[in-house]
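The sequence and the structure come first.

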Amino acid sequence: MLAEQEDLAMIPSFHPDLVAGVATYAHELFAAAGELDSVYIPIGLGSGICGTITARNLLGCNTKIIGVVSAAANTYALSFQNRAPTPPNSAKTFAEGVAVRAPHPDAVAMINANVDHIVEVSDADIRDAMRTIFETTRNTVEGAGAVALAGVLKERDTLRGKRVGAVLSGHNIDAARFAEVLMGG
């Protein structure tokens, strides 16, 4: 393993130091936008949403945190519903960055104690959000990067008149696949 060969430290996808580091983007969001009614966060292994929870709690905000997962990889939605780590029925989604097969127990505990609810979105919802992001901002995002906006769009009728944030993360998509999404595929 490269970490051993190069005497490097391996930091897993969910780690307290990573959560603390990721909390900085949530702090920047709250500093720039002020207190929001709610913020939608994609859930991969949990560092992003747990970092947002940490920042919200430290700042004393009343912002509701809503997690968003792919319906085709819904381990955190099931874990929230069951109040305990629960494996998904599958993890086959277009949005690979949220295709989690096993939830992290520490993330589940923090999410279950601090999140308002979790929205499940389809791959079609995710592709629609990717197109919306590109058409309105000219930003390119991968599937997992558009998951939060897909959740906002799914719940838009209940959000009218509210101050809402959505974390758009991840630009790792190849040109051919992105072109396919933009063409409606």
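## Terms and model

Two strands count as paired if DSSP finds at least two bridges between them. Helices (H or I, at least four residues) and strands (E, at least two) are DSSP runs, numbered from the N terminus.

The model is predicted: local features need pLDDT of at least 70, side-chain atom pairs count only at pLDDT 80 or more, and totals for chains, interfaces and linings use all residues. Residues are numbered from 1 along each chain as its sequence is written, and side-chain values use heavy atoms, with hydrogens and water left out.

## Strand β2 and its partners

Strand β2 spans residues 64-70. With β1 (residues 38-42), β2 forms 5 bridges in the parallel sense; here Pro42 has Val68 of β2 as its bridge partner. Strand β3 (residues 117-121) also runs parallel to β2, joined by 5 bridges, and Val119 in β3 stands opposite Val68.

Of the 7 residues in β2, 6 are buried (under 20% relative accessible area; exposed is over 50%, partly exposed in between; 1.4 Å probe, protein chains only).

## The crossover

A right-handed β-α-β unit is made by β1, helix α3 (residues 47-59) and β2. Right-handed means that, with the strands pointing away from the viewer, the path from the first strand over the helix to the second runs clockwise.

## Cysteines

The whole structure has 0 disulfides, a disulfide being a pair of cysteine sulfur atoms within 2.5 Å. The closest cysteine sulfur to that of Cys50 belongs to Cys61 and is 17 Å away, too far for a bond. Cys50 is buried at 0% relative accessible area, and Cys61 is buried at 16%.
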